[in-house]
Amino acid sequence: MVQPLLDVVSPVMAAGDDAWLSLADCRERVPAPLEPWLAEPGLLTARVRAACGAATRLRLLRLEPAPLDPRIARRLGVEDATCVLREIEFTCGARRWIFAQSVFPQSTVRHHPWLRELGDNGLGESLSAVEDVRREPLEYRELHGAHPLAQAAGATGRDGPLWARRAVYRLAGHPILVQEVFLPALGRCD
């Protein structure tokens, strides 16, 4: 079972902005089968559905107010102290493939209140229907079991490090952060 992030660490944590790299800077460490998933330029939801078919599920794990780590606030260029934290998982049958955490600063939610109403709908699909959305370049990180994002994803450390990617999206200039953790069962379905 996925542990709630606030039980693991409070507030929402960034591991340090310098720890996230471009894919070119970490490609030699990325397992070959995982690279196409990390490099996916389109909607991750669409890629999961194409790979898993009718067994694809997106499940909302959490949607609630949370403290916003100052490092994430700096990365987003906001002065907010709080955010709305959304966590979901993509599964193929009973297997968890991807954990995703979205950080919506309160200043962004004030301009885009629909972010609180996503439910089990994919964020990427919702963003594709919004005008004036810009995604900044993807950033990547190898997560070890003690990293707060790995713990939020339910990592136990038995499976070794996990890979994650993140991107800042700007909705008419208002930022959100989307972080995706690729889990060991990725690509396997029941």
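A residue counts as buried when its relative accessible area is under 20%. Cys26, at 0% relative accessibility, therefore counts as buried. Cys83 also has 0% relative accessibility, so Cys83 is buried by that cut-off. Both values come from a predicted model.

The overall dimensions of the chain were examined next. The chain has 190 residues, and 49% of them count as buried. Its secondary structure comprises eight helices and seven strands. The C-alpha trace spans about 40 × 35 × 35 Å along the principal axes. A compact globule with 190 residues would have a radius of gyration near 16 Å. The chain has 15 Å, which agrees with a compact globule. Contacts were also sorted by separation along the chain. Among those with a separation of 6 or more, 69% are between residues 24 or more positions apart.

Strand S2 covers residues 82–92. Ten of its eleven residues are buried, so S2 is largely enclosed by the rest of the structure. S2 pairs with two strands, S1 and S3. Strand S1 spans residues 56–67 and runs antiparallel to S2, with eleven bridges joining the two. In this pairing Pro65 stands opposite Val84 of S2. Strand S3 spans residues 95–105 and is also antiparallel to S2, through ten bridges. Here Phe90 stands opposite Ile98 of S3. S2 and S3 form a hairpin, with two residues between the strands. Gly93 lies in the turn and has a positive phi of about 65°. In a regular strand, side chains alternate between the two faces of the sheet.

The structure contains one disulfide. It joins Cys52 and Cys92, whose sulfur atoms are 2.0 Å apart. The link is right-handed, with 95° about the S-S bond. It connects distant parts of the chain: Cys52 belongs to helix H4 (residues 44–52), Cys92 to strand S2, and the two are 40 residues apart. Both Cys52 and Cys92 are buried.

The largest nonpolar core has 33 residues. Trp37, Ile98 and Ile176 have the most contacts inside this core. At least two residues of the core come from each of helix H2 (23–26), helix H3 (35–38), H4, S2, S3, helix H7 (123–127), S6 and S7. Nonpolar side chains tend to be buried together in soluble globular proteins. Ile98 touches residues in several stretches of the sequence, among them Trp37, Leu44, Val48, Ile88, Phe90, Val181 and Leu186. Ile98 also touches Glu89 and Glu180.

Glu180 lies in strand S7 (residues 174–182). Its relative accessible area is 11%, so Glu180 is buried. Its side chain makes a polar contact of 2.5 Å with the side chain of Arg165. Beyond four places in sequence, Glu180 touches Leu44, Ile98, Phe99, Ala100, Trp163, Ala164 and Arg165.

Tyr169 lies in strand S6 (residues 162–171). At 18% relative accessibility, Tyr169 counts as buried, because the cut-off is under 20%. Tyr169 and Leu127 are 42 residues apart along the chain, and their C-alpha atoms are separated by 9.2 Å.

Backbone angles were then considered. Most residues other than glycine have a negative phi. Asp132 has a positive phi, near 60°. Asp132 lies in the loop between H7 and strand S4 (133–135). Its relative accessibility is 56%, so Asp132 counts as exposed. Ala172 also has a positive phi, near 50°. The place of Ala172 is in the loop between S6 and S7. At 42% relative accessibility, Ala172 counts as partly exposed.

Key
Residues numbered from 1 in each chain as written. Predicted model: local features only at pLDDT ≥ 70, side-chain atom pairs only at ≥ 80, totals over all residues. Heavy atoms only, no water. Buried < 20%, exposed > 50% of the residue type's maximum accessible area, 1.4 Å probe, protein only. Helix = DSSP H or I, 4+ residues; strand = E, 2+ residues; numbered from the N terminus. Pairing = 2+ DSSP bridges. Polar contact = N/O pair within 3.5 Å; in protein donor to acceptor, adjacent residues only side chain to side chain. Contact = heavy atoms within 4.5 Å. Disulfide = S-S within 2.5 Å. Core = buried A, V, L, I, M, F, W, Y, C linked by side-chain atoms within 4.5 Å. Rg over C-alpha atoms; globule rule 2.2 N^0.38 Å.
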